[in-house]
Amino acid sequence: MNSNIKHKIIVAVFSLIFIGAFICCIIKPATEYSESERRKLNQFPEVSFENVFKGDFFSKFSDYAVDQFPLREQFRKIKAFFTYNVFMQKDNNDIYVIGDQASKMEFPLRENSVIEATEKIEYLCNKYLNGSKVYCSVIPDKNYFLAAENGYPGVDYDKMMSVFNNNLEGVTYIDIFNTLDIDDYYPTDTHWDQANIKDTVNALANGMEIQLNADYKENVLEPFFGVYYGQSALPLKADKITYLTNEYTESATVINYETGKYLPVYNTDKFTAKDPYDIFLDGAVSIIEIISPKAKTDKELIIFRDSFGSSLAPYFTEYYSKITLLDTRYIQSDLLGDYVEFSGQDVLFIYNTSVLNNSNMLK
Amino acid sequence: MVFSSIEFLFYFLPIVIILYFAVPMKLKNFILLITSLFFYFYGEKVYIILMLAAIVSAYVNGLLIEKFRGTKLSKLFLILSIAINAGMLVFFKYANFTVDNLNSLLGVNITLANIALPIGISFYTFQTLSYTVDVYRGDVKAQRNIIDLAAYVALFPQLIAGPIVRYSDIDNQLQHRTITVKKVSDGIRRFIIGLSKKVLIANALGQLCDIFRNTPEKSVLFFWIYAISFSLHIYFDFSGYSDMAIGLGRIFGFEFMENFNYPYISKSVTEFWRRWHISLGTWFRDYIYIPLGGSRTTKIKWLRNILIVWLFTGLWHGAGWNFIIWGLYFGALLLLEKLFMKNIPDIISHIYVLFAVIISFVIFNAPDMKTVLSDIGGLFGAGNIPISNTVTLYYLRSYALVIIAAIIGATPLVKNLANKIPEKVSNILEPIVLIGLIVPITAYLVDGSFNPFLYFRF
């Protein structure tokens, strides 16, 4: 091929690429939501004199242009491919993969955040929980098992728990770190697998001086693609969600205080929604109540929790007639008294280490 | 709007290309002007007025300088033009810095609202300044067509990040440029190469520098990784942008001067500054250094001239003591080289230059003087930091290939290897490589949120 032909090809092809892409950008209908990133995508900004000349029309247009680019998901996968396989980088947008397990880097340790978490717990104890047996536990995130062993930056968990325990008074701490390993977590998600935490549940039960020894039937929903599947943009293997049922869970009723709806413990309709993990107790909600008519006792339990608590709580339907789950990421602590009667119930604070390291999310 | 963005590549540029090539030659400058003004307005709604004022000032003063040539009025209009341009630059760039330092030095409490720095002001004021000076010197005729002059000043390929284009370099091209398929193709090639340097290398290294800043667990090794990475990052960022500017200029029929020439192969700081940001260095040489007398004067004045130029060079880069120190640091090194450093073996001089430049960029990138000292100290183990740690080794492993690619890319090796490929083969490979590069570039832009341009602060 001579140079003239080369020049003509370059000009022709790039004209086609840029003008063709422009046309595709214009005619492509806007997408509202990104399944992989689990967020709403930016839409075309409002065109008005105010917006254009005084507002942020152009910066919003830039966000729109990126979010609505044609074949966005495919390009994200290409970027992940280049990051891992061409430039041999160890993470893509802080997500890394060891074998089948994906995780998001969490570091450095924010000691002040851990201390603030203990202060928030103590505040709740002082305000609402006089007369209650109060227990506390911390769930290690996946980085506890993956980071240090594989040379990834991570939090000093020993230091975190030392700070946590040294600053928390008046509660009984139940250590569950040694009841878990990486296989107890979903490979493509941040959460633990409900079917694999029986040892953890037993440790909690022993610490809380209760008996939990029911049998469960395993029910499988697949394929499950967790939050890291989309964020990593890598072709990870599909996962499955196993949820456990027995007479206690099947007879229990869940009340979602935000929607006012009465639901089963496992809302399997949510498996095909934005976050399949929401099958557990209808997902992340500020106040959830589980009424368990067949429970062995008429005692009540309050769980201050994050999303890990959603798959843990069904285990307690065997023992507690009423379980109230409170997520102070979504409701101010001072408002809880307007919705919940605190009257000497057993109380369990259970958060994962990422929440402790970012406790500003607790209100 | 930055060149390395979805909105520029796939919205703005296609529209400009379609309009530009659809209109006859006599309207092309008008199209460039309108689209350039929109380009500027996109990122700078309020201060577009300043750029328009600079254009009008240059136009009017240029005509008046020429009309009254040979009289004192001609000089007066030159001084007026300099005062307007320099005044704008000094006020918007240095007023807050000046007030803060006066308050510290004199213990007073002068208050001044935080003045935002208009994008590209350091570039377009230097262009309009050079225009009126060149008219005064008789090097160029005053431009009678305000559209053409405005198109020159506002030309979006070089408006916000250079190269600093002298009017004398493109005076003829404004009216008489030719646009050929070869030129457009060469422009596309240059643009894509620049885009690759920016998106695939510079952005990754910039992320590493950001990670370094935000990590409390530092080590001596991490300081050195940061220093080397930033030196490479700023080179690929700025030279990548210059490549894009030159490439775009060529697509529209303009030939801009080269702005970088593999500065990291230099064997002296003197040579480094002949290869780094060439358009700025030559501007200061022609408009400050030589008019002051250059080296053709007494030794004391020559020393003065060098220090003035390097003080201004530092200040041009930013209103901060670290920039002043950075500029004077190079001034001092240049003086040392001219006075004392002769007949040094190449390898030693090369290592000295790399060391000196890396240290200089550590100073350059520090947000304040305290960080300058802690960063320099960190390079040599101050503060009882470990030699290395887990975080450092992780990021070294993670970015090793990017850093190696950047080091190789900062030398002429790739270009020399490419030149050795037989023409028939390269004629086939080149389009494939260029088209291939567009895919990862687009992928990184779609997925990335980290895409700043360093020289935006200018």
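A residue is called buried when its relative accessible area is under 20%, exposed when over 50%, and partly exposed in between (1.4 Å probe, protein chains only). The model is predicted, so local features need pLDDT of at least 70 and side-chain atom pairs count only at pLDDT 80 or more, while totals for chains, interfaces and linings use all residues. Residues are numbered from 1 along each chain as its sequence is written, chains are lettered from A and ligands numbered from 1 in the order in which they are written, and side-chain values use heavy atoms, leaving out hydrogens and water.

Rings of Phe, Tyr and Trp (its six-membered ring) pair if their centres lie within 6.5 Å, and planes under 30 degrees apart count as stacked, over 60 as edge-to-face and the rest as tilted. Over all chains, 101 aromatic pairs are found. In one of them, the centres of Tyr186(A) and Tyr277(A) are 6.5 Å apart with planes at 80°, so this pair is edge-to-face. Tyr186(A) and Tyr277(A) are both buried. The rings of Tyr216(A) and Tyr315(A), with centres 5.3 Å apart and planes at 70°, are therefore edge-to-face too. Tyr315(A) counts as buried because its relative accessibility is 4%.

Charges also meet rings in chain B. Such a charge sits over a ring if NZ of Lys or CZ of Arg is within 6 Å of the ring centre and within 35 degrees of the ring normal. Lys28(B) has its charged end over the ring of Tyr20(B), 4.8 Å from the centre, and Lys218(B) lies over the face of Phe212(B), 4.7 Å from the ring centre.
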